[in-house]
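Biologist: Could you walk me through this protein slowly? I would like to start with the big picture and then go down to single residues.

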Amino acid sequence: MIGGSASSGDDFTPNNGTLILLAGSISKVFTLAIIDDTNYKPTEHLILSLSNYMNVTQTTGIGATYTLTILVLDNDSPPTISWSPASVSVSENSGSIQLTASFSMVSGLPASIEYTVSGTATNGMDYTLADGTLSIPAGCN
Ligand SMILES: [Ca+2]
Ligand SMILES: [Ca+2]
């Protein structure tokens with residue numbers, strides 16, 4: 001049985017089933033394939049539980065179930081971000097302007113960007129926007 005925060009098929013190759021030790025054998029290798037994806041995401045964990053032993057007694061740890069927690073550390077870089085337009089001229093009666101952020105890939109982690117507004121224009125008279133933080137939830141691109 002395999003559990004934890006990692007996703008079957010995305011982070012590891014499912015390998016549920018029965019481990020059979022043939023008569024005459026004294027060892028058996030159990031393989032769990034870890035998948036190297038391209039998403040930037042937090043460390044995830046797998047919990048591998050081995051139980052229901054037949055004709056063999058488990059001696060690692062306490063109890064009849066052997067449980068191994070595996071941490072899967074991400075090896076990808078955070079996405080890059082680009083803004084458009086690079087510059088803009090607008091009439092006073094244009095209403096508003098919008099900037100578009102584009103990410104190089106979907107991120108598995110939330111991002112935030114602090115912004116300030118400065119220049120010769122005056123907040124409240126020429127524009128309305130207080131300094132603040134732009135929050136981008138995980139999963140956006
Ligand atoms: Ca990777
Ligand atoms: Ca990754």
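**Two domains and a few residues**

Modeller: In this predicted model, the centres of domain 1 and domain 2, taken over C-alpha atoms, are separated by 46 Å.

Biologist: Which residues belong to domain 1 and which to domain 2?

Modeller: Domain 1 covers residues 1-76, and domain 2 covers residues 81-136.

Biologist: And how many residues of each domain are in contact with the other?

Modeller: Five residues of domain 1 are in contact with five residues of domain 2. On the side of domain 1 that touches domain 2, the residues divide into two nonpolar, two polar and one charged.

Biologist: OK, what about secondary structure: how many helices and strands are there?

Modeller: The protein has seven strands and zero helices, and reading along the sequence therefore gives the pattern β-β-β-β-β-β-β.

Biologist: Is the whole thing compact or spread out?

Modeller: The radius of gyration is 26 Å, well over the 14 Å that the globule rule gives for 141 residues, so the protein is more spread out than a compact globule. Along its principal axes, the C-alpha trace spans about 85 × 25 × 20 Å.

Biologist: What share of the residues is buried, then?

Modeller: Buried residues make up 4% of the 141 residues. As for contacts, if you take those between residues at least 6 apart in sequence, 58% of them join residues at least 24 apart.

Biologist: Let's change topic and look at N75. Where is N75 found?

Modeller: N75 is found in the loop between β3, which runs over residues 66-72, and β4, which runs over residues 81-84.

Biologist: Why does N75 count as exposed?

Modeller: N75 has 9 other C-beta atoms within 10 Å, and a residue counts as exposed if that number is 12 or fewer. N75 and Y115 are 40 residues apart in sequence, and their C-alpha atoms are 29 Å apart in space.

Biologist: Next, the backbone. What kind of peptide bond joins S84 and P85?

Modeller: A cis peptide bond joins S84 and P85, with omega at about 0°, whereas most peptide bonds are trans. P85 has its place in the loop between β4 and β5, the latter being residues 100-103.

Biologist: Where do N52 and N55 lie?

Modeller: N52 is in the loop between β2, which covers residues 44-50, and β3, and N55 also lies in the loop between β2 and β3.

Biologist: Are N52 and N55 buried or exposed?

Modeller: N52 counts as exposed because it has 10 C-beta neighbours inside 10 Å, and N55 is exposed with 6 other C-beta atoms within 10 Å.

Biologist: Last one: which residues does T133 touch?

Modeller: Leaving out residues up to four places away in sequence, T133 touches S112, I113 and E114. T133 and I113 are 20 residues apart in sequence, while their C-alpha atoms are 5.5 Å apart in space.

Biologist: And where is the place of T133, and is T133 buried or exposed?

Modeller: T133 sits in strand β7, residues 132-136, and with 8 C-beta neighbours inside 10 Å it counts as exposed.

How values were computed: Residues are numbered from 1 along each chain as its sequence is written. Chains are lettered from A and ligands numbered from 1 in the order in which they are written. This is a predicted model: local features need pLDDT of at least 70, side-chain atom pairs count only at pLDDT 80 or more; totals for chains, interfaces and linings use all residues. Domain bounds come from an automatic or database domain assignment. Two residues are in contact if their C-beta atoms, placed from the backbone, lie within 7 Å. Ala, Val, Leu, Ile, Met, Phe, Trp, Tyr, Cys and Pro count as nonpolar, Asp, Glu, Lys and Arg as charged, and the others, Gly among them, as polar. Helices (H or I, at least four residues) and strands (E, at least two) are DSSP runs, numbered from the N terminus. The radius of gyration is taken over C-alpha atoms; the globule rule is 2.2 Å times the number of residues to the power 0.38. A residue is buried if 20 or more other C-beta atoms lie within 10 Å of its own, exposed if 12 or fewer, and partly exposed in between; C-beta atoms are placed from the backbone.
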